[in-house]
Each structure stands twice: as C-alpha cells, then as structure tokens.
Amino acid sequence: MSNVENLVGEWLPLPDVAQLLNVSITRVHGLIDERALVAARVGERKIRSVPAEFLQDGQVVDSLKGTIVVLADAGYSDEDLIIWLFTPDESLRGRPIDALREGRKTEIRRRAQTLAW
C-alpha cells in the first residue's frame, strides 16, 4: 500500500462518486478534467478512486477546486497534492482537508500559494 493510500484512509471508486453526487460517471470524469476533483489509482487492482473526504453533504467540498488549481500550479502532481491535503499540520490543528471542510479556504489557499515560491 502506498503512502497516499495509508494517509487518506477511505477511497471511493469513480462509480461510487457518481452515485453519491447523483451524476453520471461521465460527469465525474469531467470534474476530474476540470480539476474540481483529483483521483489516484489505489488498491490491489489500482482502481481510479477519489478520497471520500473530498465529498461533503452530497457535493464536492466547495473550496476544493481552487485549492487543487493552486497546488497544481505550484507543480504538485495529483498524488502529491492529495498527500499535502491529508498530512496533519500542527499549526492548523489538523489537516488542510479538514480546514477546507470547515470552510477555512482562505488560510489553506494562502498556504498553498506560498508553495509556488
């Protein structure tokens, strides 16, 4: 099991994401293409999956897309940005994904922007 798999914990295969969002699988692929979501190949069969915590109340976490774009612009690969979002940070009293889920996007985006410099 890779570091990203251990760090995230719960993963959702793309068909499950489609079901939870009540959209087609094609739309899920579109969300990934638009950088609203990122996926990684996980598990023994290397199935393309999304961290479950990227979804909240039947939707993609509101501030996730902009944060993904900032991290990607800083040169982070999809796997690297997932690791960054799920790595505990003492100064945040949690993980960046937790802060985004709590609505603290400004603080997270500011931190992500500093990674580009």
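User: Where does Arg 95 lie, and why does Arg 95 count as buried?

Analyst: In this predicted model, Arg 95 lies in the loop between helix α5 (78–86) and helix α6 (96–101). The relative accessibility of Arg 95 is 15%, and since buried means under 20%, Arg 95 counts as buried. Not counting residues up to four places away in sequence, Arg 95 touches Glu 53, Leu 85, Phe 86, Thr 87 and Pro 88.

User: What makes the approach of the side chains of Arg 95 and Asp 98 a polar contact?

Analyst: The side chains of Arg 95 and Asp 98 are joined at 2.7 Å, and a polar contact requires a pair of N or O atoms within 3.5 Å, so the pair is listed as a polar contact.

User: Why is the aromatic pair of Phe 54 and Phe 86 called tilted?

Analyst: A search of the whole structure finds 1 aromatic pair, and this pair is formed by Phe 54 and Phe 86, with 5.8 Å centre to centre and 40° between the planes.

User: Which parts does the pair tie together, and how many residues apart in sequence are they?

Analyst: Phe 54 belongs to the loop between β3 and β4 (55–56) and Phe 86 to helix α5, so the pair ties together parts that are 32 residues apart in sequence. Phe 54 and Phe 86 are each buried.

User: How do you know that α2 and α3 are roughly perpendicular to each other?

Analyst: The axes of helix α2 (residues 14–21) and helix α3 (residues 25–33) come within 8 Å and cross at roughly 100°. Angles of 65 to 115 degrees count as roughly perpendicular, and α2 and α3 are therefore described in that way. The residues that meet are Leu 14, Pro 15, Val 17, Ala 18 and Leu 21 in α2 and Ile 25, Val 28, His 29, Leu 31 and Ile 32 in α3. By class, this contact of α2 with α3 has 9 nonpolar, 1 polar and no charged residues.

User: Which residues of α3 are buried, and what do they pack against?

Analyst: Val 28, Gly 30, Leu 31 and Ile 32 are buried in α3, and the buried residues of this helix pack against α2, β3 (47–51) and β5 (59–60).

User: What makes α4 roughly parallel to α7?

Analyst: Helix α4 (residues 64–73) and helix α7 (residues 105–114) have axes that come within 8 Å and cross at roughly 10°. Angles under 35 degrees count as roughly parallel, and the crossing therefore makes α4 roughly parallel to α7. On the α4 side the contact is made by Gly 66, Thr 67, Val 70 and Leu 71, and on the α7 side by Ile 108, Arg 109, Ala 112 and Gln 113. By class, the contact of α4 with α7 has 4 nonpolar, 3 polar and 1 charged residues.

User: What is the value of phi in Asn 22, and what is it in Lys 46?

Analyst: Asn 22 has a positive phi of about 60° although it is not a glycine, and phi of Lys 46, also a residue other than glycine, is near 55°. Most residues other than glycine have a negative phi. Lys 46 is found in the loop between β2 (40–42) and β3, and with a relative accessible area of 44% Lys 46 is partly exposed.

User: How do you know that Glu 5 counts as buried, and what does its side chain reach?

Analyst: Glu 5, in helix α1 (residues 3–8), has 7% relative accessibility, and because buried means under 20%, Glu 5 counts as buried. The side chain of Glu 5 reaches the backbone nitrogen of Gly 43 at 2.8 Å. Not counting residues up to four places away in sequence, Glu 5 touches Trp 11, Val 42, Gly 43 and Lys 46.

How values were computed
Residues are numbered from 1 along each chain as its sequence is written. This is a predicted model: local features need pLDDT of at least 70, side-chain atom pairs count only at pLDDT 80 or more; totals for chains, interfaces and linings use all residues. Side-chain values use heavy atoms; hydrogens and water are left out. Axes are lines fitted to C-alpha atoms, for helices over the stretch in contact, and angles run from 0 to 180 degrees between N-to-C directions. Helices (H or I, at least four residues) and strands (E, at least two) are DSSP runs, numbered from the N terminus. Angles under 35 degrees count as roughly parallel, over 145 as roughly antiparallel, 65 to 115 as roughly perpendicular and the rest as oblique. Contact means heavy atoms within 4.5 Å. Ala, Val, Leu, Ile, Met, Phe, Trp, Tyr, Cys and Pro count as nonpolar, Asp, Glu, Lys and Arg as charged, and the others, Gly among them, as polar. Buried means under 20% relative accessible area, exposed over 50%, partly exposed in between (1.4 Å probe, protein chains only). A polar contact is a pair of N or O atoms within 3.5 Å; within protein, one must be able to donate a hydrogen and the other to accept it, and residues adjacent in sequence count only if both atoms are side-chain atoms. Rings of Phe, Tyr and Trp (its six-membered ring) pair if their centres lie within 6.5 Å; planes under 30 degrees apart count as stacked, over 60 as edge-to-face and the rest as tilted.
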